[in-house]
Amino acid sequence: MFRNKRQSSLISGVALGITNPTLGCLAHRYSLSTISTFAIFVISGLKLKGGEIGAVAETWPALVFGL
């Protein structure tokens, strides 16, 4: 069971959610999905290399269009 940690944690999370849905209600009340999505983007941005940041800066028209 512990060979595949990702699958074990998913199954454990689902089992915990079924047995105690209060945690899910608290996560919804405090907008945990919004905070975690923001954190994922920040962490991904911090892992970028300098050349990748320069490549993004060269495509500023696409960034402006996206906003």
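## Burial and helix α3

A residue is called buried when its relative accessible area is under 20%, exposed when that area is over 50%, and partly exposed in between. By this criterion helix α3 is hardly covered: among its 15 residues, the count of buried ones is 0. The structure discussed here is a predicted model.

Helix α3 takes in residues 32-46. Threonine 34 belongs to helix α3. This threonine counts as exposed because its relative accessibility is 53%, and the cut-off for that class is over 50%.

## Overall fold and dimensions

The protein chain contains 5 helices and 0 strands. Read from the N terminus, its elements follow the order α-α-α-α-α. The radius of gyration is 19 Å, whereas the globule rule gives 11 Å for 67 residues; the value is well over the rule, so the chain is more spread out than a compact globule.

The C-alpha trace extends about 50 × 35 × 15 Å along its principal axes. Of the 67 residues in the protein chain, 1% count as buried. The accessible surface of the chain amounts to about 6400 Å², and 71% of this surface belongs to carbon and sulfur atoms.

## Helix α1 and serine 8

Helix α1 covers residues 5-19, and serine 8 lies in it. Is serine 8 buried or exposed? Its relative accessibility is 12%, so serine 8 counts as buried. The side chain of serine 8 reaches the backbone oxygen of asparagine 4 at 3.0 Å, a distance that falls within the 3.5 Å limit for a polar contact.

Serine 8 and threonine 34 are 26 residues apart along the chain, and their C-alpha atoms are separated by 25 Å. The former is in helix α1, the latter in helix α3.

## A nonpolar surface patch

Which residues form the nonpolar patch on the surface? They are Leu16, Leu23, Leu26 and Tyr30, which together have about 400 Å² of accessible area.

Leucine 16 is located in helix α1. Its relative accessible area is 44%, so leucine 16 is partly exposed. Leucine 23 sits in helix α2. With a relative accessible area of 46%, leucine 23 is partly exposed. Between leucine 23 and asparagine 4 there are 25 Å in space, C-alpha to C-alpha, for a separation of 19 residues in sequence.

## The loop between α2 and α3

Serine 31 is placed in the loop between α2 (22-29) and α3. The phi angle of serine 31 is positive, about 50°, although this residue is not a glycine. Most residues other than glycine have a negative phi.

How does the accessibility class of serine 31 follow, and what is it? At 38% relative accessibility, serine 31 counts as partly exposed, because that class lies between the limits of 20% and 50%.

Terms used
Residues numbered from 1 in each chain as written. Predicted model: local features only at pLDDT ≥ 70, side-chain atom pairs only at ≥ 80, totals over all residues. Heavy atoms only, no water. Helix = DSSP H or I, 4+ residues; strand = E, 2+ residues; numbered from the N terminus. Buried < 20%, exposed > 50% of the residue type's maximum accessible area, 1.4 Å probe, protein only. Polar contact = N/O pair within 3.5 Å; in protein donor to acceptor, adjacent residues only side chain to side chain. Patch = residues over 30% accessible without salt bridge, like charges linked within 9 Å, V, L, I, M, F, W, Y side chains within 5 Å. Areas by Shrake-Rupley, 256 points an atom, 1.4 Å probe, with all protein chains shown as cover. Salt bridge = Lys/Arg side-chain N within 4 Å of Asp/Glu carboxyl O. Rg over C-alpha atoms; globule rule 2.2 N^0.38 Å. Expected span 1.5 Å × (residues − 1).
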